[in-house]
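The sequence and the structure come before the discussion.

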Amino acid sequence: MEFLVASGIGMMTACGVYLILRQRTFPVIVGLAMLSYAVNVFIFASGRLAIGLPPLISDAAEGYTDPLTQALVLTAIVISFGMTAVIVMMALGSFLETGSDRIDTDEPDTAEQESKP
Amino acid sequence: MSLALIAALPFLGALLPGLLIRAGRNVCALVTGSVTALALLGILLHAPAVLRGEVIQTRIEWLPALGLDANFFLDGLGMLFAGLILGIGLLIILYARFYLSSKDPMGQFYTYLMLFQGAMVGIVLSDNILLLLIFWELTSLSSFLLIGYWKHLPEGRQGARMALTVTGAGGLAMIAGMLILGNIVGSYDLTVILDNKEMIQASEWYFPALILILIGAFTKSAQFPFHFWLPHAMAAPTPVSAYLHSATMVKAGLFLMARMWPVLSGTPEWFYIVATTGLITMVLGAVIALFKDDLKALLAFSTVSHLGLITMLLGFGTQEAAMVAIFHIINHATFKAALFMSAGIVDHEAHTRDIKRLGGLRHLMPVTFAIVCIAALSMAGIPPLNGFLSKELMLEEATHTVWLGNHWVLPALATIGAMFSVAYSFRLIGHVFLGPVRDDYPHKPHDPGFGMWAAPALLAVLVVAIGLLPNAIVGKLVEATTLAVTGEAIVVNIYHWHGLVPAFYMSVIAIAVGALFLKLHKPLEAAWLSAPRPEAKAIFDAIVEPIANLSRRLTDWMHDGAITRYMAIAVLAILAAGIFAYETGAIGRASRTMTPITLVPFIGWVLLVGATIALFAFHRDRLLTLVLVGIVGLMVSVAFAYLAAPDLALTQISVEVATVILLLLALNFLPKQTPRESTAGRRARDGIIAGAAGLGVGGLIFALMMREPAFTSIAEYHLANSKPGGGGTNVVNVILVDFRGYDTFGEIIVLGIAALVIYALTEALLRGGPANDRLLAWKPDQKRAGDRHPLMLVVATRMILPIAIMVGAYIFLRGHNQPGGGFIAGLVVAIATVMQYMASGFGWTAARQRIDYHALIGYGVMIAGACGIGSWFAMRPFLTSSFGYVYPPFVDKFELATAAIFDVGVFLTVVGAVMLALASISRIAIRAGETVNLEPFDIQPDGPSQPQEGR
């Protein structure tokens with residue numbers, strides 16, 4: 001199992017990093033979402049894996065997995081939604097304002113020139 | 001009154017002026033003054049005890065692990081300074097009320113002033129050097145705001161920048177010095193440090209610490225060669241100059257030297273560095289002051305000179321000299337603040353501070369003349385005023401002090417300093433007030449109203465009173481302060497007449513030659529002007545400008561606008577750090593065995609990895625990207641469910657839905673394809689970076705998972721205390737709403753702010769401008785659906801809504817004991833509501849829901865906060881939860897926990913934030929010409945088949 005989780009995290013990280021290095025807003029947003037998955041699972045996995053041992057106190061339970069990393073990740077998931085929503089809005093705003101969804105400002109903005117009537 | 005409260009009062013008071021300025025300038029000044037007066041009263045209530053030699057303490061543990069505690073103590077030295085800061089502060093508030101013109105924003109001024117006052121009081125009351133350093137930096141920052149108060153004046157801005165650069169840099173040096181000191185002693189408590197003189201002076205780190213601390217003190221107190229910032233800071237409004245640059249901030253350096261005197265003084269290093277610096281500063285400042293035509297510049301250099309005098313006395317390292325230094329601190333504060341305020345009055349009335357344009361004012365401004373006369377004569381050291389007493393004592397100390405085996409250097413130079421001091425004081429009276437009345441003043445001057453001269457007049461009265469009865473008025477204070485500085489009791493007995501001692505002759509010579517200098521001012525000035533002098537500002541600029549240019553080049557080079565570049569640099573830097581750690585650290589053997597891989601998780605892994613690889617390949621097709629991201633998210637939630645994290649699985653899957661809806665809404669307005677722009681080389685480079693990052697992260701977590709934790713996990717504590725302490729069996733939920741409730745509280749606030757930011761961005765976009773134009777001219781680039789509001793979908797969502805809300809309530813209620821809770825319930829309810837929007841459109845749904853999402857966020861945060869505050873009433877810390885069981889008839893017993901109220905707050909915030917974010921984007925769609933439907937669906941099952949639509 002550990003290998004599957006680790007390789008999954010690695011793949012998601014690689015994909016996320018590749019996408020945030022693109023030059024348009026949308027792939028960068030998706031890349032950040034992928035990185036969020038990777039980071040959330042990473043933090044979760046740092047509590048070590050356990051199968052069938054949910055952190056629900058009961059007399060019948062044989063043991064519990066680490067509840068702390070779960071609590072950390074739970075809020076992280078919700079916060080990453082908030083963050084994604086903000087950057088989506090920023091991307092949308094910048095596209096509507098400039099007519100271009102490029103993120104680098106150093107290169108000449110050809111898209112803007114084209115979109116202007 | 002608790003010392004912590006006294007230190008906090010000015011900061012609390014800083015909030016008031018900005019609000020109360022709407023009620024008028026008098027109310028504003030009155031309230032500001034009342035706060036200061038209250039703090040002063042707090043100090044005075046402690047005065048009897050402190051004068052008896054007691055030390056008042058207030059200790060509050062703040063960050064004990066770092067040695068940073070909010071400890072305060074009040075001894076004689078602290079009381080003297082706190083009294084000066086608050087007492088003169090009170091006078092300045094009165095004076096500023098009449099000095100500032102109606103165009104100046106007075107609320108802002110008082111707010112800055114109170115911030116500064118709080119920082120100063122904090123310095124003098126701190127019993128922890130880390131705390132002291134924080135306040136020290138705060139004075140630099142708040143004085144920057146005060147000096148640059150007149151933002152329209154370039155001199156004001158430059159002066160403020162220079163003061164901040166010099167004193168801020170000095171403060172940094174002092175931080176280093178203080179930390180060294182704390183390390184030598186092993187404590188950051190000032191009282192502990194002050195008890196360890198031998199340990200500190202024996203340490204090989206004594207000299208570096210001494211130098212660093214002195215740099216901090218010298219820069220703050222404008223000692224040579226850092227004296228140049230003070231005259232430039234005179235661009236500030238005069239109340240600021242009177243307050244900061246005569247009575248308080250520049251004395252912070254002196255305070256620090258006096259405070260550290262018991263442990264740092266008494267060594268040859270201390271004597272030669274401090275006494276010599278003070279001596280040079282005293283003479284240099286006095287000489288320059290004589291040739292300044294700007295009244296405030298003259299006073300500024302005279303302040304530099306007097307600060308030098310006090311520094312020199314502290315440098316002597318004897319108890320008597322320290323006593324004289326303290327006495328002179330009091331005297332200088334009284335006469336110099338009065339002089340600054342008078343200079344402000346002259347400037348205010350005559351519209352110029354140029355001595356060459358003034359003269360003969362004694363007939364026009366008799367009251368101001370009287371005040372200046374008393375204060376300036378005291379500054380010159382004319383008997384029987386207080387300045388005479390301390391200057392005489394200073395000369396006396398100088399005659400006893402040997403410098404490099406030489407008996408006459410110190411007395412001679414001290415006398416020269418005194419000569420120039422007499423000369424510029426006389427010039428101040430002679431060239432401004434005496435002489436014939438002129439008819440070419442920029443503005444016809446006359447005495448101002450009582451409000452303006454009341455403060456300097458009171459100080460002038462003090463000058464005379466202390467001069468006549470020094471022992472009765474300040475004797476006890478000086479005794480208590482000297483005890484605090486030197487650690488040994490002293491009996492203060494100040495005489496006017498010491499007999500025909502050397503100091504007497506030195507005084508006579510100084511007054512005679514000083515008067516002669518004034519007579520010869522014209523030729524002396526000509527000589528001075530023709531002599532080459534280094535211009536401090538030019539040197540300062542020559543040093544600062546290249547540094548600023550270098551940092552600008554560095555910043556421009558790193559931040560050239562290419563975000564992809566920053567991202568690449570960041571990823572590479574993190575990778576490098578990881579490789580470095582891997583290469584240098586030791587990694588133990590794997591101590592855990594791998595959990596066996598079964599078929600179902602393996603299929604999930606294949607799906608996840610397959611979707612991820614497909615994302616690499618097809619990320620240009622944005623709709624497909626969303627589908628693939630959806631698969632990844634789904635697999636992640638399945639993994640959470642499989643790996644014993646039911647709460648995470650529920651949260652992840654509901655967030656997933658909301659995220660995909662959000663991205664779909666946004667994608668409606670974005671291009672549907674990403675063009676292929678980067679070269680193959682660049683893609684390969686990015687691929688290598690991404691691959692390395694993925695390998696690194698994957699390898700790290702694999703290594704982590706295969707080993708037991710290096711430290712004992714705190715998970716056990718949470719598991720053990722969840723039921724008995726938090727009253728819930730779902731440990732994750734108990735952690736969220738109870739153990740770490742404060743974190744969750746912060747998180748829902750962040751979430752609420754994020755939603756409000758989205759709303760604000762939408763508002764800004766729709767307000768007009770290119771985005772609005774573009775939206776109004778919007779042409780859909782995709783085919784529209786034939787049936788925008790399908791009957792089946794509408795009916796299904798309608799049926800689902802109450803069920804979904806019930807499910808939400810169920811998930812919420814069971815959250816404390818079973819998977820669920822406010823976060824998940826909020827997401828479920830939000831998604832159920834969003835479904836209505838999707839099925840029947842924005843207009844129809846918005847017309848039928850009466851909930852304001854902003855208010856929902858606000859209520860949520862407020863309920864959570866109120867729940868936290870509620871525990872204060874039970875005398876428990878913020879957000880302490882409690883629970884109990886109730887036994888209603890006919891049903892089983894159930895539990896009531898205050899944490900549930902907190903969870904309601906979480907629930908409401910989540911619903912409000914998610915809905916506000918999605919609704920904001922929908923509003924953009926309406927602006928782009930999306931039709932607003934009035935009916936639930938386009939095709940009426942029971943009527944005409946024509947859709948009814950409106951815009």
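In this predicted model, the side chain of R427(B) makes a polar contact with the side chain of D293(B), at 2.8 Å. R427(B) belongs to helix α20 of chain B, which spans residues 409-432, and with a relative accessible area of 1% it is buried, because this value falls under the 20% cut-off. Leaving aside residues up to four places away in sequence, R427(B) touches L290(B), F291(B), K292(B), D293(B), L298(B), I355(B), V432(B), L518(B) and H521(B).

D293(B) is also a salt-bridge partner of K356(B), with the closest N and O atoms 2.8 Å apart. K356(B) itself is partly exposed, at 43% relative accessibility.

Another salt bridge of chain B joins R259(B) to D75(B). The two residues are 184 residues apart and link distant parts of the chain, R259(B) being in helix α13 (residues 249-264) and D75(B) in the loop between β2 (68-74) and α4 (76-99). R259(B) counts as buried at 2% relative accessibility, and D75(B) is likewise buried, with a relative accessible area of 6%.

A further pair consists of D347(B) and R353(B), whose closest N and O atoms are 3.5 Å apart. Here D347(B) is buried, with a relative accessible area of 17%, while R353(B) is partly exposed, with a relative accessible area of 22%.

| R259(B) | D75(B) | 2.9 Å |

How many salt bridges does the structure hold over all chains? The total over all chains is 22. Side chains of opposite charge can pair when their charged atoms come close. Salt bridges that share partners also join R24(A), D101(A), R102(A), R622(B) and E677(B) into one network.

Terms used. Residues are numbered from 1 along each chain as its sequence is written. Chains are lettered from A and ligands numbered from 1 in the order in which they are written. This is a predicted model: local features need pLDDT of at least 70, side-chain atom pairs count only at pLDDT 80 or more; totals for chains, interfaces and linings use all residues. Side-chain values use heavy atoms; hydrogens and water are left out. A salt bridge is a side-chain nitrogen of Lys or Arg within 4 Å of a carboxyl oxygen of Asp or Glu. Helices (H or I, at least four residues) and strands (E, at least two) are DSSP runs, numbered from the N terminus. Buried means under 20% relative accessible area, exposed over 50%, partly exposed in between (1.4 Å probe, protein chains only). A polar contact is a pair of N or O atoms within 3.5 Å; within protein, one must be able to donate a hydrogen and the other to accept it, and residues adjacent in sequence count only if both atoms are side-chain atoms. Contact means heavy atoms within 4.5 Å.
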